[in-house]
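Subject: A structure for you to look at

Dear colleague,

I am passing on the structure we spoke about, and below it you will find a summary of what turned up. Please keep it open beside the text as you read.

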Amino acid sequence: MADNEQAVGADGADAAPSKKGRLKLIIAVAGFVAILGAGAGWFFLMRGHGEEKHAEAPPPKPPSFIEVPDMMVNLVGAPGERVQYLRVKIVLEIKEEKQVEAIKPNLPRVTDLFQTYLRELRPSDINGSAGLFRLKEELTKRVNNAVAPQQVSAVLFKEIVVQ
C-alpha cells in the first residue's frame, strides 16, 4: 500500500508542476503576442502618419502693395529748439489684389490722416525700434479706419529720416 501511495503521490506531484508550467507558458505566450501586436500597431500607425496626403490647399497668394506719396512734416519741439523734420516713405501691404482698387480712391484720406498724426509727434516718440513699432501700429490702425470695410495688413516703412 505504501508503494501505491508513493505512486499516487508521485503522479500527483508531477501533475501539479505541469499545470503550473503550462499556466506560465500560456501567460508568457499571451504577453509576447500582446507586445508584438502593440509593436505592429505602432509601426503601421506611425508609418502611415508621415505619408498621409491631405487635400492640398492652393498656395497663398502673394500680398499686394500700395505706395503712399512721400511725406515730410515738421516735428513738435520745445520753444526755442531748432525745428526737426521727418521724411517718410510708406507702403501699405494688402492681402488680396482686388482690394487695391477699392483702397486707391481713399489714398487722399489716408495721406491726410498720416500727415495730421505725424505732425503731432515729438522726436522722442520715434526714437528706437520700440518707437517705430508704436508708430507703425498707430498708422495701421488709422489707415484701417480710413479704408473700412477693406483691411490693410501692415504699414511698411521704406524710408524714415529725421533731420
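This is a predicted model: local features need pLDDT of at least 70, side-chain atom pairs count only at pLDDT 80 or more; totals for chains, interfaces and linings use all residues.

Of the 163 residues in the chain, 22% count as buried, and the chain exposes about 12000 Å², of which carbon and sulfur atoms supply 59%.

The chain has 4 helices and 3 strands, and from the N terminus on these elements follow one another as α-β-β-α-α-α-β. The 3 strands form an open sheet in the order β1-β2-β3, and their pairing is antiparallel. Strands β1 (64-74) and β3 (154-162) are at the edges, where each has a single partner strand, so one side of each is left without a neighbour in the sheet. On average, and with direction ignored, neighbouring strands of this sheet are turned by 15 degrees against each other. Strand β2, which covers residues 85-94, is joined to β3 by 8 bridges, the two running antiparallel, and in this pairing Glu93 stands opposite Ala154 of β3.

Two helices can then be placed against the sheet. Helix α3 (residues 107-118) lies across β1 and β2 and runs at about 40 degrees to β1, while α4 lies across β2 and β3 and runs at about 130 degrees to β3.

Within helix α4, which spans residues 128-147, you will find Thr140. Is Thr140 buried or exposed? Its relative accessible area is 11%, and because buried means under 20%, Thr140 counts as buried. The side chain of Thr140 reaches the backbone oxygen of Lys136 at 2.8 Å. If we leave aside the neighbours within four places in sequence, Thr140 is in contact with Val152, Ser153, Ala154 and Val155; Ala154 is the residue that Glu93 stands opposite.

The structure also holds 7 salt bridges. In one of them the side chains of Glu159 and Lys89 meet, with 3.4 Å from N to O. Glu159 belongs to strand β3 and Lys89 to strand β2, so this pair ties together parts that are 70 residues apart in sequence. Both residues are partly exposed, Glu159 with a relative accessible area of 24% and Lys89 at 27% relative accessibility.

Glu138 is buried, with a relative accessible area of 19%, whereas Lys141 is partly exposed at 48% and Arg142 is partly exposed at 26%. Elsewhere, salt bridges that share partners join Arg87, Lys89 and Glu159 into one network.

Terms used
Residues are numbered from 1 along each chain as its sequence is written. Side-chain values use heavy atoms; hydrogens and water are left out. Buried means under 20% relative accessible area, exposed over 50%, partly exposed in between (1.4 Å probe, protein chains only). A polar contact is a pair of N or O atoms within 3.5 Å; within protein, one must be able to donate a hydrogen and the other to accept it, and residues adjacent in sequence count only if both atoms are side-chain atoms. Contact means heavy atoms within 4.5 Å. Two strands pair if DSSP finds at least two bridges between them. Axes are lines fitted to C-alpha atoms, for helices over the stretch in contact, and angles run from 0 to 180 degrees between N-to-C directions. Accessible areas come from the Shrake-Rupley method with a 1.4 Å probe; for residues, only the protein chains shown count as cover. A salt bridge is a side-chain nitrogen of Lys or Arg within 4 Å of a carboxyl oxygen of Asp or Glu.
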